[in-house]
Amino acid sequence: MIKYIKELIFAWRYKRAVKEAITLAGATGLKYYVVYMNGGLKVAPKKAFKELIAKHRFNKGTTIQDIEKMALFVTR
């Protein structure tokens with residue numbers, strides 16, 4: 001029962017994050033990712049991930065393609 005409730009909460013948060021990503025992508029024209037990071041769902045543009053890779057915030061060898069594969073949802 002507890003597992004079912006946790007799944008419902010995650011599904012609700014995921015649906016809300018996807019709606020936010022679609023809205024932001026439509027407003028700005030950027031590609032947005034929904035990624036599970038630090039125990040929660042994050043909505044961020046591809047541009048932000050590119051900047052973080054350039055600043056070496058990810059492990060060496062991580063590419064934007066790796067992040068796109070890891071993403072739960074990608075706009076456009």
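**Note on the aromatic pairs and the hairpin**

1. The structure holds 3 aromatic pairs. Rings of Phe, Tyr and Trp (its six-membered ring) pair if their centres lie within 6.5 Å; planes under 30 degrees apart count as stacked, over 60 as edge-to-face and the rest as tilted. This is a predicted model, in which local features need pLDDT of at least 70, side-chain atom pairs count only at pLDDT 80 or more, and totals for chains, interfaces and linings use all residues. Residues are numbered from 1 along each chain as its sequence is written, and side-chain values use heavy atoms, with hydrogens and water left out.

2. F10 and Y36 make an edge-to-face pair, because their planes are at 65°, with ring centres 6.2 Å apart. F10 lies in helix 1 (residues 2–28) and Y36 in strand 1, so the pair ties together parts 26 residues apart in sequence. Helices (H or I, at least four residues) and strands (E, at least two) are DSSP runs, numbered from the N terminus. F10 is partly exposed at 38% relative accessibility. Y36 is partly exposed at 46%. (Buried means under 20% relative accessible area, exposed over 50%, partly exposed in between; 1.4 Å probe, protein chains only.)

3. F49 and F58 form a tilted pair, 6.3 Å centre to centre with 35° between the planes. F49 is buried at 5%, whereas F58 is partly exposed at 24%. Y33, F49 and F58 form one aromatic cluster.

4. Strand 1 (residues 32–37) and strand 2 (residues 40–45) run antiparallel, joined by 6 bridges. Strands pair if DSSP finds at least two bridges between them. V35 stands opposite K42 in strand 2. The hairpin has 2 residues between the strands, and N38 takes a positive phi near 50° there.
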